Amino acid sequence: MAQHSPADRGSPVTGVDDDSPRRRAIPMTARRVVPHVAMRPLWRCRNCGAEWPCQPARLGLLVEYRDDRTALLVYLAALMTEADHQLGQLHPGRRPELTDRFLTWARARG
């Protein structure tokens, strides 16, 4: 069996060789799956850093609540209230508009 130095294996985080611009494949078992969930109290996505709910989170919520849009809206309204409170504490005197971010996209169209 051949001996390999750490430089031969590339970075364990990026999978990119230190000595070469070529990318190495990272085995599926080495990848960490981070869900698109809210990072409180910032209300940013833990995965992509976008304002939560980000597009992947919205899609996941629509799929999860596909048979009960009313329950989705109630759930999002509760989260919006929590976000309003937490963001208000982080940024006193500056209240973000959260209705479009949390509710408008989830309303039934038609």
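**A close look**

Modeller: Pro53 sits in the loop between E2 and H2, where helices (H or I, at least four residues) and strands (E, at least two) are DSSP runs numbered from the N terminus. The model is predicted, so local features need pLDDT of at least 70 and side-chain atom pairs count only at pLDDT 80 or more, while totals for chains, interfaces and linings use all residues. Residues are numbered from 1 along each chain as its sequence is written, and side-chain values use heavy atoms, with hydrogens and water left out.

The peptide bond joining Trp52 and Pro53 is cis, with omega about 5 degrees. The backbone oxygen of Pro53 is reached by the side chain of Arg58 at 3.1 Å. That is a polar contact, meaning a pair of N or O atoms within 3.5 Å; within protein, one must be able to donate a hydrogen and the other to accept it, and residues adjacent in sequence count only if both atoms are side-chain atoms.

Arg58 itself lies in helix H2. Within H2 (residues 55-64), the buried residues are Ala57, Arg58 and Leu61. They cover an arc of only 100 degrees around the axis, which places them on the same side of H2; the arc is that of the directions from the helix axis to the C-beta atoms. An α-helix has 3.6 residues a turn, so residues three or four places apart point the same way. Buried here means under 20% relative accessible area and exposed over 50%, with partly exposed in between (1.4 Å probe, protein chains only). The face of H2 turned away from the buried side carries Gln55 and Leu59, which are exposed.

The buried residues of H2 pack against helix H3 (69-90) and helix H4 (99-102), contact being heavy atoms within 4.5 Å. Conversely, H2 and H4 are among what covers the buried residues of H3, which include Leu72, Leu76 and Leu79. Leaving aside neighbours within four places in sequence, Arg58 is in contact with Pro53, Asp100, Arg101 and Trp105.

The charge of Arg58 deserves a separate note. Arg58 is buried yet has no salt bridge, and the nearest side chain of opposite charge, Glu51, is 6.9 Å away. Lys and Arg count as positive and Asp and Glu as negative; His and the chain ends are not counted. A salt bridge is a side-chain nitrogen of Lys or Arg within 4 Å of a carboxyl oxygen of Asp or Glu.

Glu51 instead meets Arg101 in a salt bridge, at 3.9 Å from N to O. This pair links distant parts of the chain, with Glu51 in the loop between E2 and H2 and Arg101 in helix H4, 50 residues apart. Glu51 counts as partly exposed because its relative accessibility is 44%, whereas Arg101, at 10%, counts as buried.

For context, a search of the whole structure finds three salt bridges. Another of them joins Glu82 and Arg40, with the closest N and O atoms 2.8 Å apart. A cis bond also runs from Arg40 to Pro41, with omega near 5 degrees, and Pro41 is found in the loop between strand E1 (38-39) and strand E2 (44-45). Overall, the protein follows the pattern α-β-β-α-α-α along the sequence, and buried residues make up 25% of its 110 residues.
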